[in-house]
Amino acid sequence: MTTSAPERAATEWRPTDKWLLGVVLAVINFWLFAQTLLNVIPGIKDELGVEQTLANLAVSITSLFSGIFIVVAGGLADRIGRTKIMYLGIYLSIAGSIIIALTPENLGALTSGMLLAGRAVQGLSAACIMPSTMALVKAFYEGKARQRALSYWSIGSWGGSGFTALFGGLMASSPLGWRSIFWISIVLSILALLLLRATPESRAERDPENADARFDWSGLIFFIVMLMAINIYISQGPHIGWLSLIGLSLVAIFVVSGLVFLQIETRKRNSFVDLKLFRNGTFTGATLSNFLLNGAAGTLIVALGLVQIAGGLSSLQSGLLTLGYLVAILLTIRVGEKLLQRFGPRRPMLWGSMITGVGILMCSLTFLLLSEYLVLTFIGFTLFGVGLGFYATPSTDAALSNVPDAQVGAASGIYKMASSLGNAIGVAISAALYVAGQNVNPELIQSWGLFIGRQDNVALRFGGAIGLLFNVFMVVVAIASIIASVPRDRPKEEEEARPDVVAPPAFGN
């Protein structure tokens, strides 16, 4: 088979650390700037004049749109060019940030519409950037150089999420205000474009059997309907009523569209989501645990919102609680890479998940005095960061080490779809449980004698505990999925299939 000009250029071209920095900046636009709303949404909600349920939707809709369209973008990256899709994602990031930064105050539907539209565009941006940059790392690096590049990619994603609460608090509390977050995002997006401008095109070899296959629009449509229905139900449940006609209709739409989606995807040759990838237990376990651990991002919106509303802290003060999270995750991502090389993916994934669970459990002790709770929350967030740092690189390796070259963009899309959808659904459920728990009769909570200190905020603290314990449950299920699916030793056939990669690979195909 002959090699195309773009493929020859990609083979001859070698990335530099400046190029890798451009990739990190592109990735961080979602995990840092787009995710700042997890911490600053209480202040934004009041300034813009939007309801709490709509504010919760604004937080989760970015991850939702990213999760919905990331597989599409990954497939398009394989077909029309990964570099093109990466550039498109950066341009969309700039557009989304502009829309949010210019959102007017207290103009009803216009305010709500611009806020949600900007957040949706940011989600589309992430959908383009994440699978395309992961595929480019795979195309341009080999062996231990790929491990190193992937660790830095993880620093952009997991590390960015670690810095998001502190950065958001700093900007929101400064004279520049919360809108400066998105103006800074635009500047860094432009810098990323400059650092990445010489990137040659890279695309997968076309499969002759599927060369003329049409895109699976029906699968995509039912997938969108399914996820939009469940996200609206979760985020708007306190407002529309969990058992109201609208609420039950949304659940019915979710179930029916989900069943139709599965029927379509199991019958079509060129399906929207290649379900055959899930025949590999390691890929399934890593992807499922990735979904669940990203779902634990709900810890941030609940814990940080709780200390601001019930404890009277500012967004900056609450953001400082995550300083240990930031430092820990940045220091331990490379440790996770070394653990992967020594033990394979299973053990560091399990260790990381267990440490994460302990950290979240410490954050859920909302019945304590505020001074005690703040200390435990700081320690808990630090453990959260250590756990995710151990987990990040081994998980990516476990998910993608057996994926064929022609499917690396789509497989990356599925893996990162799990990240985004887990984040969106976890945040939505955590926020909904937090709000629902506040409706419990305070006198009933006080009768238990568990919550010490101030009693005027026990409903808030109870709701926070319920929302945070849900995240502990997510981590427990993640641990179970790893134990059940990821083998103790790397499959021998996997090692033999990849002679070009120094085992164990950090980002295989």
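**Group meeting: a walk through the model**

Let me start with one residue. Gln263 has a relative accessibility of 42%, so Gln263 counts as partly exposed. Keep in mind that this is a predicted model. Gln263 is found in helix α10, residues 245-267. Now look across to Gly219. Gln263 and Gly219 are 44 residues apart in sequence. In space, their C-alpha atoms are 9.1 Å apart.

Gly219 comes up again at Phe272. What does Phe272 touch, if we leave out residues up to four places away in sequence? Gly219 is on the list, together with Asp216, Leu220 and Glu265. Three phenylalanines are there too: Phe215, Phe223 and Phe261. Ile68, Val71 and Val72 complete the list.

Phe272 also belongs to the largest nonpolar core. That core has 120 residues. Which of them touch the most other members? They are Leu37, Ile90, Trp153, Phe223, Phe272 and Phe381. Which helix gives the largest share of this core? Helix α2, residues 17-33, with eleven residues. There is also a second, separate core of eight residues. Its members include Ile230, Ile234, Ile425 and Ala428.

Next, the empty space. Rolling a probe the size of a water molecule over the atoms shows where space is left empty. How many cavities of 30 Å³ or more does the structure hold? Five. The largest cavity has a volume of about 140 Å³. Its lining is made of 16 residues.

Helix α7 gives the most, with three residues. And what is the lining like, nonpolar, polar or charged? Ten residues are nonpolar, five are polar and one is charged.

On to the rings. The count of aromatic pairs comes to eleven. Take Phe278 and Phe283. Why is this pair called edge-to-face? The ring centres of Phe278 and Phe283 are 5.4 Å apart and the planes are at 65°, so the pair is edge-to-face. The cut-off for that label is over 60 degrees. Are the two partners buried or partly exposed? One of each. Phe278 is partly exposed, because its relative accessible area is 32%. Phe283 has 3% relative accessibility, so Phe283 counts as buried.

Here is another pair: Phe343 and Trp351. Their ring centres are 5.4 Å apart, and their planes are at 80°, so this pair is edge-to-face too. Phe343 counts as partly exposed, at 25% relative accessibility. Trp351 counts as partly exposed as well, at 33%. One more item on rings: Trp19, Phe140 and Tyr141 form one aromatic cluster.

Last stop, the backbone. Look at Asn106. Its phi is near 55°, a positive value in a residue other than glycine. Where is Asn106 placed? In the loop between α5 (82-101) and α6 (109-140). Is Asn106 buried or exposed? Exposed, because its relative accessible area is 53% and the cut-off for exposed is over 50%.

Let me go back over the main points. The largest nonpolar core has 120 residues. The aromatic pairs come to eleven. That's my tour.

Technical notes: Residues are numbered from 1 along each chain as its sequence is written. This is a predicted model: local features need pLDDT of at least 70, side-chain atom pairs count only at pLDDT 80 or more; totals for chains, interfaces and linings use all residues. Side-chain values use heavy atoms; hydrogens and water are left out. A nonpolar core is a set of buried Ala, Val, Leu, Ile, Met, Phe, Trp, Tyr and Cys residues joined through side-chain atoms within 4.5 Å. Buried means under 20% relative accessible area, exposed over 50%, partly exposed in between (1.4 Å probe, protein chains only). Helices (H or I, at least four residues) and strands (E, at least two) are DSSP runs, numbered from the N terminus. Contact means heavy atoms within 4.5 Å. On a 1 Å grid over the protein atoms alone, a cavity is a set of points where a 1.4 Å probe fits but cannot get out, and a pocket is an open set with protein on both sides within 12 Å along at least five of seven lines; lining residues have an atom within 4 Å of a point. Grid points are joined across faces, edges and corners, and a volume is the space filled by probe spheres set on the points. Ala, Val, Leu, Ile, Met, Phe, Trp, Tyr, Cys and Pro count as nonpolar, Asp, Glu, Lys and Arg as charged, and the others, Gly among them, as polar. Rings of Phe, Tyr and Trp (its six-membered ring) pair if their centres lie within 6.5 Å; planes under 30 degrees apart count as stacked, over 60 as edge-to-face and the rest as tilted.
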